Amino acid sequence: MYSFDQIAVTVTEGLIRAADQPQFDPNTVTPGFVGFIATFGVAVIVILLVIDMVRRVRRVNYREQVRQQLEQEARDADGAADGDTRP
């Protein structure tokens, strides 16, 4: 089994080796054309999904409005029919 001292020495040696390596150049580490295409594709898919969602929500709202209008017309028709049968 490893002792705490052995683990500490191993970690310290690893940190020293990492510090000795040259740092990367941020100008050469870029996603490039493939990263741009992937990000652009995700953005297009999200826009299309939002448009589809808006359409579906609008359709549900219109159906609810029509249902309420039909119910109101049915209530009005029942009320008018009840009023005509009274003496």
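Start with the aromatic rings: this predicted model has one aromatic pair. Select phenylalanine 36 and phenylalanine 40; their ring centres sit 6.1 Å apart with the planes at 20 degrees, so the pair is stacked. Both are in helix 2, and because they are four residues apart, about one helical turn separates them.

Now for the charges. How many salt bridges are there to find? The count is four. Pick arginine 56 and aspartate 52 to begin with: their closest N and O atoms are 2.9 Å apart. Both lie in helix 2, four residues apart, or about one turn. Aspartate 52 is partly exposed, at 29% relative accessible area.

Next, select arginine 67, which has a salt bridge to glutamate 64 at 2.4 Å, N to O, and another to glutamate 71, again with the closest N and O atoms 2.4 Å apart. Glutamate 64 is three residues from arginine 67 in helix 2, while glutamate 71 is four residues from it. Colour this trio by accessibility and you'll get partly exposed for each: 38% for arginine 67, 32% for glutamate 64 and 36% for glutamate 71.

Glu64, Arg67, Glu71 and Arg75 are linked in a salt-bridge network.

Key
Residues numbered from 1 in each chain as written. Predicted model: local features only at pLDDT ≥ 70, side-chain atom pairs only at ≥ 80, totals over all residues. Heavy atoms only, no water. Phe/Tyr/Trp six-rings, centres within 6.5 Å; stacked < 30°, edge-to-face > 60°. Helix = DSSP H or I, 4+ residues; strand = E, 2+ residues; numbered from the N terminus. Salt bridge = Lys/Arg side-chain N within 4 Å of Asp/Glu carboxyl O. Buried < 20%, exposed > 50% of the residue type's maximum accessible area, 1.4 Å probe, protein only.
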